[in-house]
Amino acid sequence: MVFTSYEFLGFLAVLLLLYYLAPKKLRPPLLLVGSLVFYFFAGAKFLIYISVTAVTVWAAGLVIGKNLEAQSEYIKAHKAELSQEEKKAFRDREKRKRKLWLALCLLLNLGILAAVKYTNFAIANINGLFGTKLGFITVAVPLGISYYTFMAIGYLVDVFRGTVKAEKSLWRFALFVSFFPHVIQGPISRYGDMSDSLFAGNGFDRDRFFRGLERVLWGFFKKLVIADRIFIAVGRIIGDSGKFQGPYILIGMLLYTVELYADFTGGIDITIGVAQMFGVEVKENFMRPYFSTSLKEYWRRWHITMCSWFRDYLFYPVSTSRSMGRFTKFTKKHFGQKAGKRIPVYVSSFIVWFSTGLWHGASWNFIVWGLLNWAILMVSEELEPLYGGFHKRLPGTNGSGYRVFMILRTFLLITVMNLFDCYATLGETIGSLASIFRASAWTGFSAAALGLSVSDWAVIAVGCAVMLAVSLLSVKKGVRERLAEKPYALRFAVFALLFAATVVVGVYGVGYDSSQFIYTRF
Amino acid sequence: MKKPLKKIIVFILSAAVLIGAFDLIQRLLTPKYVDGIVEGAFVKEYYAEEMDHDVLFVGDCEVYENFSPVTLWEKYGINSYIRGSAEQYIFQSYYLLEDAFLYEKPKVVVFNIQSLQFDYSRSEAYNRMSIEGMRWSKYKVGSIYASMTEEESFIEYVFPILRYHSRWSELTKDDFKYLFSQPTVTHNGYYMRVDAKPAGSFPAVKPLGDYSFSERAWSYLYRIVEACRRNGSELILIKAPSLYPHWYDEWDDEVKEYAASEGLRYINFLEHTDEIGLDYSTDTYDGGLHLNLYGAEKCADWLGNILSTEYGLADRRSDSHLAAVWAEKIEAYNAEIAAQKVKYGIE
């Protein structure tokens with residue numbers, strides 16, 4: 001059930017009605033039932049995967065949580081009898097037990113993720129490397145497995161770290177893992193951020209409900225009016241890399257960057273808006289990413305929950321691990337204090353970006369994309385002092401003109417790197433990119449070949465202008481907050497206009513090949 | 001004014017404005033079928049009729065282009081109507097017939113069996129033309145569910161804007177001109193063409209692997225038979241005299257056998273072209289696929305004789321009210337003949 005399907009809208013309307021008609025106590029369980037029904041429509045057998053993750057992580061969390069409680073109770077009870085060393089030894093012993101549970105559970109759940117998502121990729125690489133002819137396995141990737149697995153793992157690590165209390169109720173935990181608005185494409189929510197509003201059984205709040213509805217509508221506008229219209233052209237370009245080269249790639253890259261933004265942020269708007277209609281608060285995933293002045297800043301503003309997940313649950317554990325400590329000592333000894341400190345950070349970052357690439361998809365394209373990000377970030381880091389000096393000497397680098405230049409530069413960089421998202425193989429990607437610089441590829445260009453009419457281009461231009469205006473207006477204060485202060489008639493007119501624009505100009509229904517949300521495939 | 005009351009009024013007003021605007025946009029974007037492809041307008045026109053027909057024709061283009069109700073009235077005083085639309089499938093014909101029975105009980109129903117060859121709908125566009133014009137009833141819902149192709153959704157029939165929204169970039173003056181009402185394009189369901197194109201050669205007849213009609217198609221014919229019996233209407237099965245697509249002898253035998261088993265009359269007009277006086281060099285406008293005005297009048301005349309002599313349909317030309325209604329229709333009919341003659345440069 002895709003967000004943009006009539007079935008989803010019907011399902012949402014019924015669930016909302018039942019939710020607010022149900023007694024407070026029954027609302028969260030009803031939300032779980034609704035989420036399972038939603039998931040069931042994606043494929044009944046997928047329920048097994050998500051159930052295994054929910055049950056195993058919940059059980060491991062419970063064991064770890066109880067062990068933590070027992071540990072502190074024991075230490076409290078025997079405070080006077082135990083020496084500091086005995087306390088430390090006891091804590092270490094208990095921590096080892098908890099670590100074992102954590103490791104086993106991570107192994108199982110990451111194993112499932114790896115098995116369904118990466119087995120064929122591994123087989124293809126083994127066959128390529130060793131000339132073997134291993135057969136591929138036929139396995140469907142469960143809906144949202146990358147998202148719910150990461151959310152569940154994040155929770156378990158938080159319980160292990162003692163930053164959240166273990167959830168005692170299985171159904172409540174299952175609701176957190178399977179909550180239908182964010183199971184398709186995230187955000188990768190944290191248990192600690194969501195649990196209060198998710199389990200509260202919120203009553204109907206008109207303002208909150210309509211705020212959610214506005215957000216949903218805005219998401220639909222971005223997805224149906226802009227992203228899916230751009231997809232008509234991008235789909236053609238990507239679909240025939242032999243035919244579409246040179247200028248088409250250039251236009252395609254640019255269009256894809258806009259499409260990706262409208263598609264992903266639109267999807268997240270729908271997610272957050274739907275959750276808000278149920279009174280559930282979901283964290284923001286974007287902060288005007290295309291206004292970033294550097295790649296580093298971009299990754300603080302784009303897919304925020306994924307980046308912070310990798311930071312908190314991979315980068316920190318890796319960079320603070322004992323082996324990394326030993327490696328730091330080694331590098332300090334051989335490369336000096338300054339470089340010796342930085343090399344382990346770069347190695348940890350390498351692991352993070354390799355994983356980020358792999359998380360996005362089982363393909364070398366994504367791995368190269370991830371490592372390209374890593375390389376640029378590391379080079380930028382190394383060149384930071386040089387830039388600093390340059391900025392000091394060159395006049396005007398503090399002005400808005402230079403800021404716009406940096407924004408455009410970063411946008412261009414992202415645009416080029418996004419090409420790795422598009423094609424199935426590295427060869428196609430590099431070949432297409434190279435064609436931009438081949439003169440012969442620039443002959444016989446025809447805009448009509450992209451499949452968009454003049455009115456489509458006009459809609460894209462107006463849609464982009466609206467998105468840009470909304471982003472600019474949101475810098476100081478959110479557009480919805482601004483709108484909320486305006487007279488009712490104006491708010492109503494904006495709402496009605498957005499609704500009409502989406503219904504009339506949106507790309508959906510018979511005659512259009514509706515595209516899935518891009519991030520559902522990650 | 002008290003606050004809650006004010007809120008309720010504001011809410012109702014907002015909802016009314018939103019619904020009104022939605023309806024207006026929907027009307028604007030929905031095809032008007034007044035020029036070019038007009039077949040989508042046929043089904044809806046029926047409801048403007050006085051429901052007092054003696055004969056109801058049901059079927060696809062082989063009825064709405066091959067029989068002239070005006071001739072039936074002028075020559076036999078038979079008040080008839082054609083409920084047909086482009087490639088109207090047998091299940092759609094069934095639901096249209098049931099829909100018509102909600103309003104009237106015609107003495108005779110004439111059903112063209114050409115559509116027995118299709119078990120499922122082949123085109124969303126044809127579904128739209130057959131279903132959209134129907135008034136809402138359980139029969140419209142039934143027709144939608146029986147017809148929908150994989151790409152279609154029921155909700156798009158409820159709110160046609162969801163289907164036609166993409167027309168926003170191709171709106172014409174007609175879409176604004178006919179926003180609230182459209183002109184009548186048929187003559188009691190008959191689609192007129194006065195031009196002529198002699199029948200030529202057709203693609204070679206391909207033998208079929210299996211000549212039997214599908215169970216699904218048969219089941220709808222059974223339902224048509226049952227509906228006619230239930231409503232006291234005599235059912236006549238016909239095969240109109242279109243030369244192409246080819247009507248196989250094996251198909252004809254199947255229908256004959258069925259008609260005999262059910263005690264129904266079956267007339268294959270292709271076997272009576274000489275009696276009717278059809279001349280395929282002058283009586284067809286598209287090379288033999290459909291008849292033009294002259295062919296349609298000949299067929300109506302021939303059938304009218306059967307209807308009045310063998311089915312005892314009374315001559316109602318002395319009914320002054322009906323005669324007045326038909327006088328207007330005949331005037332419009334003749335006006336269109338004249339207009340089309342000018343259009344096609346016919347003397």
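Which backbone atom lies 3.2 Å from a polar atom of the side chain of Arg27(A)? Select Arg27(A) and look around: the backbone oxygen of Asn202(A) is the one. That pair is a polar contact, meaning N or O atoms within 3.5 Å; within protein, one must be able to donate a hydrogen and the other to accept it, and residues adjacent in sequence count only if both atoms are side-chain atoms.

Before you go on, a word on the ground rules. This is a predicted model, where local features need pLDDT of at least 70 and side-chain atom pairs count only at pLDDT 80 or more, while totals for chains, interfaces and linings use all residues. Residues are numbered from 1 along each chain as its sequence is written, chains are lettered from A and ligands numbered from 1 in the order in which they are written, and side-chain values use heavy atoms, with hydrogens and water left out.

**Stop 1: stay with Arg27(A)**

Arg27(A) is found in helix α2 (residues 27-42) of chain A. Helices here are DSSP runs (H or I, at least four residues), as strands are (E, at least two), numbered from the N terminus. Arg27(A) counts as buried because its relative accessible area is 11%. For that label, buried means under 20% relative accessible area, exposed means over 50%, and partly exposed is in between (1.4 Å probe, protein chains only).

Now show what Arg27(A) touches: leaving aside neighbours within four places in sequence, the list is Tyr19(A), Tyr20(A), Ala22(A), Gly201(A), Asn202(A) and Gly203(A). Contact means heavy atoms within 4.5 Å.

**Stop 2: Glu167(A)**

Next, select Glu167(A), in the loop between α5 (145-161) and α6 (170-178) of chain A. Is Glu167(A) buried or exposed? It's buried, because its relative accessibility is 5%. Among the residues Glu167(A) touches, not counting those up to four places away in sequence, are Trp58(A), Tyr155(A), Arg172(A) and Phe199(A). Zoom in on its side chain too: one polar atom there lies 3.0 Å from the backbone nitrogen of Ser169(A).

**Stop 3: Thr410(A)**

Jump to helix α15 (residues 400-422) of chain A and pick out Thr410(A). At 3% relative accessibility, Thr410(A) is buried. A polar atom of its side chain lies 3.3 Å from the backbone nitrogen of Ser294(A). Beyond four places in sequence, Thr410(A) is in contact with Ser292(A), Thr293(A), Ser294(A), Leu295(A) and Tyr298(A).

**Stop 4: charged pairs**

Time for salt bridges: a side-chain nitrogen of Lys or Arg within 4 Å of a carboxyl oxygen of Asp or Glu. How many are there over all chains? The search of the whole structure finds 40.

Start with Lys88(A) and Asp92(A), whose side chains meet at 3.1 Å, N to O. They sit about one helical turn apart, because they are 4 residues apart in helix α4 (residues 84-130) of chain A. Then hop over to chain B for Glu132(B) and Arg128(B), bridged at 2.8 Å, N to O. Glu132(B) is buried at 18% relative accessibility, and Arg128(B) is buried at 2%. Back in chain A, select Arg215(A), Lys222(A), Asp269(A) and Glu284(A) together: salt bridges that share partners join them into one network.

**Stop 5: where the chains meet**

Colour the chains separately and look at their contact, which takes 18 residues from chain A and 21 residues from chain B. Together the two bury about 1,600 Å², 72% of it on carbon and sulfur atoms. Buried area is the accessible area (1.4 Å probe) that two parts lose on being put together, summed over both. In chain A, select Tyr6(A), Val504(A) and Val510(A): they lose the most area to chain B, together 39% of what that side buries.

Between chain A and chain B there are 0 salt bridges, but 5 residue pairs are in polar contact (both at pLDDT 80 or more).
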